[in-house]
Amino acid sequence: SCKCIMRFKGINYNAGIDYNQCNAGRDINIQEFLTDLKWIKKMNCNSIRLYGSHNKKLLLYTKLALKKKFIVWASPRYIGKTRKQTLNLLLYLSKKLEKLRKKENLFLIIGNEFSIDMKGLIPGSMQMQRAKNWTKAKKSVLDNILRDFMPKIRAVFKGKITYAALAAENINYDIFDYIGLNYYRHF
């Protein structure tokens with residue numbers, strides 16, 4: 001007989017995504033977030049994925065969620081950034097997150113659908129244009145980026161790491177601690 005224990009029961013929480021690369025979503029409303037955390041606890045969730053485009057806000061929300069005893073999956077989304085900009089932002093965030101991390105309460109999702117979010121991997125200057133071209137994603141290009149990023153990030157963040165892939169990206173997960181897959185039912 002199998003004794004399956006669900007370790008994580010959680011929710012995705014938008015901590016300010018800047019889809020249009022116009023610095024939207026920078027407002028930090030601590031009281032609203034704390035109220036939301038209370039409701040999330042009432043749903044018997046022990047885990048929260050915080051995804052956002054702004055490191056300052058993502059770090060603050062991570063601190064608050066950890067203080068409320070949540071397991072946090074920090075998930076930056078630097079939409080419209082180049083490979084170099086993305087890596088620099090990730091390294092900064094990873095160093096700050098490592099200072100917050102205790103044994104197994106904080107995980108890092110280093111990116112979300114880089115093919116669409118990151119500038120230069122597929123045609124399109126804006127995220128929505130790249131989303132229309134998602135079938136042009138090249139597995140080898142993305143795998144090379146992830147293989148380049150991971151040793152640098154692991155050097156500063158010692159916790160568990162994954163990547164949230166678009167199913168079409170079909171990445172190689174052997175460098176990650178978990179498989180992260182964004183599954184959209186309409187596909």
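**A buried phenylalanine, and outward from there**

Mentor: Let's start with phenylalanine 176, which is buried, at 9% relative accessibility. Keep in mind as we go that this is a predicted model.

Trainee: Is glutamate 169 buried or exposed?

Mentor: Glutamate 169 has a relative accessible area of 2%, so it counts as buried.

Trainee: Which residues does glutamate 169 touch?

Mentor: Not counting residues up to four places away in sequence, glutamate 169 touches Glu113, Phe114, Ser115, Lys139, Leu142, Tyr163 and Ala164. Tyr163 is also among the contacts of phenylalanine 176. As for leucine 181, it is twelve residues from glutamate 169 in sequence, and the two are 9.6 Å apart in space, C-alpha to C-alpha.

Trainee: You mentioned Glu113. Where is glutamate 113?

Mentor: Glutamate 113 is in the loop between strand 4 (106-112) and helix 4 (114-117). Glutamate 113 is buried, at 5% relative accessibility. Its backbone is worth a look as well: phi of glutamate 113 is near 50°, a positive value in a residue other than glycine.

Trainee: Why point that out?

Mentor: Because most residues other than glycine have a negative phi.

Trainee: Which other residue has a positive phi although it is not a glycine?

Mentor: Lysine 69 is one of them, with a phi of about 70°. Lysine 69 lies in the loop between helix 2 and strand 3. At 69% relative accessibility, lysine 69 counts as exposed, whereas glutamate 113 is buried.

Trainee: What about lysine 68, where is that?

Mentor: Lysine 68 is in the loop between helix 2 (55-67) and strand 3 (71-76). Its relative accessibility is 43%, so lysine 68 counts as partly exposed.

Trainee: Which residues gather with Lys68 in a patch of positive charge?

Mentor: Lys38, Lys42 and Lys67 gather with Lys68 in that patch on the surface.

Trainee: Switching topic: how many salt bridges does the structure hold?

Mentor: The structure holds six salt bridges. One of them joins aspartate 148 and arginine 83, with the closest N and O atoms 3.4 Å apart. Aspartate 148 is in helix 6 (residues 139-154) and arginine 83 in helix 3 (residues 83-100), so this pair ties together parts that are 65 residues apart in sequence.

Trainee: Are those two buried, or partly exposed?

Mentor: Aspartate 148 is partly exposed, with a relative accessible area of 26%. Arginine 83 is partly exposed as well, with 37%.

Trainee: What else is linked with Arg83 and Asp148 in a network of salt bridges?

Mentor: Lys152 is linked with them in that network. Lysine 152 forms a salt bridge with aspartate 148, where the closest N and O atoms are 2.7 Å apart. Both residues lie in helix 6, four residues apart, which is about one turn of the helix. Lysine 152 is partly exposed, at 36% relative accessibility.

Trainee: Let's zoom out. How many helices and strands does the protein chain have?

Mentor: The protein chain has six helices and six strands. Reading from the N terminus, the elements run β-α-β-α-β-α-β-α-α-α-β-β.

Trainee: And how much of the chain is buried?

Mentor: Of the 187 residues in the protein chain, 47% are buried. The protein chain exposes about 10,600 Å², and carbon and sulfur atoms supply 54% of that.

Technical notes:
Residues numbered from 1 in each chain as written. Predicted model: local features only at pLDDT ≥ 70, side-chain atom pairs only at ≥ 80, totals over all residues. Heavy atoms only, no water. Patch = residues over 30% accessible without salt bridge, like charges linked within 9 Å, V, L, I, M, F, W, Y side chains within 5 Å. Areas by Shrake-Rupley, 256 points an atom, 1.4 Å probe, with all protein chains shown as cover. Salt bridge = Lys/Arg side-chain N within 4 Å of Asp/Glu carboxyl O. Lys, Arg positive; Asp, Glu negative; His and termini not counted. Charge placed at Lys NZ, Arg CZ, Asp CG, Glu CD. Helix = DSSP H or I, 4+ residues; strand = E, 2+ residues; numbered from the N terminus. Buried < 20%, exposed > 50% of the residue type's maximum accessible area, 1.4 Å probe, protein only. Contact = heavy atoms within 4.5 Å.
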